[in-house]
Structures are given as C-alpha cells and as structure tokens.
Amino acid sequence: METAERFRAAVEKRDLSALEDLFTEDIRLYSPVKFRPFEGRPMVLGLFGVLLRVFEDLHYVGHFDGATETSADGTQAPAAVLPFRATVDGKEIHGIDMLHFDGDGRIKEFTVMVRPQSAVHTLGQAVLTGLRADGLA
C-alpha cells in the first residue's frame, strides 16, 4: 500500500502509532491557523494527537497524485492531495491534505488547507486548546 493510502487509513482509524512510521524525522506541517510550520516528528505527532480528538466524522473523499515544489527548499517532490470533510464544534469543514514525499516514500512536508473562514477560526481555537492541554503550546 502506498504512503498516501497508509496515511489515509491511519487517520481514518485514528491510529497515531501508524502515522509515526510515515513521517520523516524532520517533517514540516503547514497549518491553516499558524504562520510558521510545525517542525519535527515529535511535534507533528503531538499535533495529530490533538487533531484526531478535535475532528469529528473525518473522512477523505478523494485522492490525486502528482508532483509539486516543496516550501522548505523548492525542490520538486512526488505529492498526493487528499480532499476531506469533517466537523469541528458543529461546523462543517472542507479541506485538503497535501503530502510531499522524500525519496523513500515517507512524508517530508504536509500542508493543510481548510474552508470556510469561520471553520478555520473554529479549528484554530480547538487545536490551540488541545495543544495547551497536552503541554505543546
């Protein structure tokens, strides 16, 4: 099973331990609610612990493969885009997860985009509360 499908399955099962093997040690996650990326496997896994609690009824609705320039160094990397739907505090969210892969097929960069703006605000508040509760913010 390719990395994007393994990632999708782990998230939908809320299996945080399965995600660890999919991330590079120096993964960068670009969030719609924070200007600077979350950096490093421990921090990104901590964030996912919060996200898996915050997102209700998270499900992926598609899968697109291709390549794109990474934000960190501008190199072309294989990529996958996974559109999703979820609910946070009663607000419906539409979003995409864009995964960039290294030469070994592990996720080295991760970008999340979410709409509408009111959902971004709700998600940001819920994530910040979770990060504080877990001692990560």
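This briefing describes the overall fold of the protein, one of its helices in detail, and several individual residues.

The structure is a predicted model. The protein contains 4 helices and 7 strands, and these elements follow one another along the sequence in the pattern α-α-β-β-α-β-β-β-β-β-α. Its radius of gyration is 14 Å, close to the 14 Å that the globule rule gives for 137 residues, so the protein is as compact as a globular protein of that length.

**Overall dimensions, burial and surface**

- Along its principal axes, the C-alpha trace of the protein spans about 40 × 30 × 25 Å, and buried residues make up 46% of the 137 residues.
- The protein exposes about 7,100 Å², of which carbon and sulfur atoms supply 50%.

- Helix H3 covers residues 41-54, and its 14 residues reach 20 Å from the first C-alpha to the last, which is close to the 20 Å expected at 1.5 Å a residue.
- Because 11 of the 14 residues of H3 are buried, this helix is largely enclosed by the rest of the structure.
- The buried residues of H3 are Arg41, Val44, Leu45, Gly46, Leu47, Phe48, Gly49, Val50, Leu51, Leu52 and Val54.
- Glu20 belongs to helix H2, which comprises residues 16-20, and Glu20 is partly exposed, with a relative accessible area of 37%.
- When residues up to four places away in sequence are not counted, Glu20 touches Arg41 and Leu45, both of which are listed among the buried residues of H3.
- Glu20 and Val44 are 24 residues apart in sequence, and their C-alpha atoms are 9.3 Å apart in space.

**Arg8 in helix H1**

- Arg8 is found in helix H1, which runs over residues 3-13; with a relative accessible area of 19%, Arg8 counts as buried, since the cut-off for that class is under 20%.
- Leaving aside neighbours within four places in sequence, Arg8 is in contact with Tyr60, Val61, Gly62, His63 and Leu82.
- Gly66 lies 58 residues from Arg8 along the chain, and the C-alpha atoms of these two residues are separated by 17 Å.

**Backbone geometry in the loops**

- Arg14 is not a glycine, yet it has a positive phi of about 60°; Arg14 lies in the loop between H1 and H2 and is partly exposed, with a relative accessible area of 35%.
- Asp89 likewise has a positive phi, of about 45°, although it is not a glycine; Asp89 is placed in the loop between strand E5 (76-88) and strand E6 (91-101), and at 58% relative accessibility Asp89 counts as exposed.
- Arg115 and Pro116 are joined by a cis peptide bond with an omega of about -10°, and Pro116 sits in the loop between strand E7 (107-115) and helix H4 (117-133).

Note on methods: Residues numbered from 1 in each chain as written. Predicted model: local features only at pLDDT ≥ 70, side-chain atom pairs only at ≥ 80, totals over all residues. Heavy atoms only, no water. Helix = DSSP H or I, 4+ residues; strand = E, 2+ residues; numbered from the N terminus. Expected span 1.5 Å × (residues − 1). Buried < 20%, exposed > 50% of the residue type's maximum accessible area, 1.4 Å probe, protein only. Contact = heavy atoms within 4.5 Å. Rg over C-alpha atoms; globule rule 2.2 N^0.38 Å. Areas by Shrake-Rupley, 256 points an atom, 1.4 Å probe, with all protein chains shown as cover.
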